[in-house]
Amino acid sequence: MRDNDNTRSAQKNKRLTGTGTTRPPFDCATYDFRLFVSGMTPNSLRAIENIRAFCKEHLAGRYHLEIIDIYQQPLCAKEYQIVAVPTLVKQTPPPARRFIGDLSHTDRLLSGLGVSCSR
Amino acid sequence: MKPKAESLPVAAIPIAKCPTGIKGLDEITGGGLPLGRPSLVCGGTGCGKTLLAMEFLVRGTTEFGEPGVYISFEEKSEELAQNFTSLGFDLVELVGRSVLALDYIHIDASEIEETGVFDLEGLFIRLAHAIDSIGARRVALDTIESLFSGFSHDALLRAELRRLFRFLKDKGVTTVITGEQGANTLTRYGLEEYVADCDIFLNHKVTEQIATRRLRIVKYRGSSHGTNEYPFLIDDQGISVLPISSIGLEHPASTERVSTGVPRLDTMLGGKGFYKGSSVLVTGTAGTGKSSLAAHFVDSACRRGERCLYFSFEESRNQIVRNMFSIGINLNPWLEAGLLQFNNVRPTMYGLEMHLVSMHKAVETYRPDVVVVDPISNMVTAANPFEAKSMLSRLIDYLKLKNITAFCTDLTVAGGTLEHTEIGISSVMDTWLLLQVIEGSGERNRGLFILKSRGMEHSNQVREFCLTSQGVQLLDVYLGPGGVLTGSGRIAQEARERAEALERAQEIERKQREILRKKSLLEAQIAALTLEFQSEKDELERAIEREHLRREHLAQTTRSVARNRQSDELPEASPTPFETVSGS
């Protein structure tokens with residue numbers, strides 16, 4: 001399942017950042033997330049719910065989220081070195097980070113992503 | 001209380017086992033690891049855990065047709081494949097044939113942030129996928145403890161591990177789990193709590209700068225197993241474990257006799273030489289000719305067409321060949337014919353157990369009839385005497401079991417008692433020859449005794465042992481009031497004896513001559529005395545005659561006087577005043 005509905009808002013976001021406000025560049029970049037879940041387990045469902053809420057709140061319009069069910073795509077688990085589930089992988093902007101668990105600790109997510117300001 | 005016998009299972013089925021294919025390990029475990037269950041292999045760094053786990057899988061695919069999955073937490077698949085190429089395991093080829101699956105699980109704690117409750121479903125899925133994709137029967141997890149360094153949620157991890165082992169059991173795969181040795185526990189994170197069926201402990205001890213690998217079955221639920229620490233070897237063919245101490249005293253006893261290569265020594269040993277498959281020990285101080293005796297034996301064995309394996313711990317092959325040439329033994333033809341093989345290695349090269357293992361391997365591959373160990377005493381330098389003794393008795397037991405004649409030399413320290421082997425293994429030897437230096441008259445000579453030779457009559461005499469350009473020669477020693485003499489002392493003594501004998505013969509001759517002389521002297525004296533007596537007798541007889549005549553003449557005169565006087569009475573005859581001496 002893919003959340004592609006934010007592409008438009010991300011573009012709008014870029015435009016907005018281009019208007020001369022002084023903000024660290026990484027904060028303005030588009031966040032590329034992959035969330036690995038294992039079917040419809042409570043942890044997985046909670047993680048999906050949490051990341052969506054988090055993105056909406058903190059990264060509205062500048063994120064790209066891909067949710068992968070490793071039950072259906074076990075090879076992806078190997079490719080992306082998934083051990084713990086759920087795992088949220090942030091590919092860009094660098095550095096690559098992994099967040100495991102149901103993403104209920106928003107503060108850790110915030111500090112881990114380096115998102116300093118909310119919109 | 002009524003016994004609940006009926007509630008027990010119908011028949012207890014012994015634990016099914018999964019053969020590992022690792023040399024020796026299946027013998028110790030009585031058939032292999034518990035089938036369909038996880039087994040723990042633990043030990044310190046570099047003790048061979050990864051190799052054992054991998055060999056278990058590779059042997060499974062190549063020897064038992066069971067595909068395997070290797071999950072590595074430490075090394076990448078490419079690195080693994082590279083590392084195992086040196087051991088002759090072509091992992092790439094096995095992966096290509098879909099009989100082996102490699103998966104590298106990378107956990108980098110630095111890039112992981114825990115943000116809530118999680119599980120290890122990713123690991124399960126990868127494992128399940130790998131198992132299902134090739135139909136694996138065997139799994140290795142190396143080293144699963146890496147999880148503990150990646151995740152901080154200890155309680156959760158432990159619950160997940162428990163679930164993992166249950167999962168593996170449900171899958172029916174035989175699993176090897178490796179774990180790093182902990183301070184006071186078998187594994188650092190106490191994996192042994194979860195893997196309860198079979199624990200194998202590997203260690204790599206360094207004693208006196210020599211490292212030895214050992215393996216021990218700490219636990220094997222529901223099965224009997226060897227409990228000792230078994231040495232094992234890692235070489236180009238993987239792991240070999242040696243369950244040698246399990247060898248009993250069941251070896252066959254041959255009645256066949258083999259020549260020692262020295263005819264007079266054969267004579268000393270009941271005329272026929274050693275028993276085939278027996279163990280022979282030659283002890284002696286330095287330079288008494290132990291190796292020469294060994295070379296003779298090797299030479300005669302090769303002449304009979306037997307295969308010889310010569311373990312030399314002191315000299316190189318070329319040196320031995322050259323030196324033996326000097327006493328008229330040419331070993332080169334046997335080397336060329338492949339009847340003789342040298343195995344030269346320094347005692348300090350590796351530990352005693354490794355020596356034993358490597359000797360075993362050499363014997364297994366070469367299949368000799370005769371094994372020479374020259375000298376066994378050097379083994380002590382590789383370990384303490386107790387270990388050396390146990391190792392050698394195991395080696396000798398093993399050779400006896402194989403009906404291989406063992407010829408061991410042993411260097412004794414000069415000054416100590418000669419009837420004492422440095423390693424104290426004389427009791428396991430069947431024949432014990434002692435080469436002794438006999439010092440005297442400014443030289444050192446060699447003497448040979450047979451201290452014992454089981455099951456045959458043998459000479460109790462000492463022989464002088466000479467190394468000549470025609471090989472070893474045994475000579476009778478001089479035994480006399482002056483003790484045992486050898487060498488030039490013996491020659492001088494023999495000459496002295498000859499001189500003495502000659503002198504004695506001359507003395508007798510002289511005495512005989514004297515007797516003759518005395519006899520003739522006596523006879524001459526007797527003749528002279530007889531003559532003297534004769535002349536005296538004649539003299540006396542003449543005197544007596546004269547006296548008679550005189551008396552007669554006197555009587556006549558008296559009668560004529562009386563007649564003239566006209567006397568009345570004429571004396572008829574006067575009594576003779578002297579008895580007439582009867583002439584003789």
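Two residues are in contact if their C-beta atoms, placed from the backbone, lie within 7 Å. That cut-off sits behind helix 5 (residues 121-134) of chain B, which lies across strand 4 (68-72), strand 5 and strand 7 of chain B. This is a predicted model, where local features need pLDDT of at least 70, side-chain atom pairs count only at pLDDT 80 or more, and totals for chains, interfaces and linings use all residues. Residues are numbered from 1 along each chain as its sequence is written, while chains are lettered from A and ligands numbered from 1 in the order in which they are written.

**Chain B overall**

- Chain B carries 14 helices and 25 strands; helices (H or I, at least four residues) and strands (E, at least two) are DSSP runs, numbered from the N terminus.
- Among contacts in chain B with a separation of 6 or more, 70% link residues 24 or more positions apart.

- One open sheet of chain B has nine strands in the order 5-4-7-8-3-9-10-11-12, with mixed pairing; two strands pair if DSSP finds at least two bridges between them.
- Its edges are strand 5 (100-104) and strand 12 (238-241) of chain B, each pairing on one side only.
- On average, neighbouring strands here are turned by 20° against each other, direction ignored.
- Strand 7 (residues 138-142) and strand 8 (residues 174-180) of chain B pair in the parallel sense over four bridges, and B:Arg138 has B:Thr174 as its bridge partner in strand 8.
- Back to helix 5 of chain B: it runs at about 165° to strand 5 of chain B, with axes being lines fitted to C-alpha atoms (for helices over the stretch in contact) and angles running from 0 to 180 degrees between N-to-C directions.

- Strand 18 (residues 370-374) and strand 19 (residues 405-411) of chain B pair in the parallel sense over four bridges; B:Val372 has B:Phe407 as its bridge partner in strand 19.

**Helix 12 against helix 13**

- Helix 12 and helix 13 (residues 385-401) of chain B pack at an angle of about 10°, with their axes 10 Å apart.
- That is why the two helices of chain B are called roughly parallel (under 35 degrees; over 145 is roughly antiparallel, 65 to 115 roughly perpendicular and the rest oblique).
- Residues making the contact include B:Leu356 and B:Met359 of helix 12 and B:Met391 and B:Leu395 of helix 13.

**Where chain A meets chain B**

- 28 residues of chain A are in contact with 21 residues of chain B.
- Helix 4 (74-79), strand 5 (97-100) and helix 5 (106-113) of chain A are the elements giving two or more residues to chain A's side, and strand 5 of chain A has the largest share, four residues.
- Strand 5 of chain A and strand 6 (residues 112-114) of chain B run parallel, joined by three bridges; A:Arg98 has B:Ile112 as its bridge partner in strand 6 of chain B.
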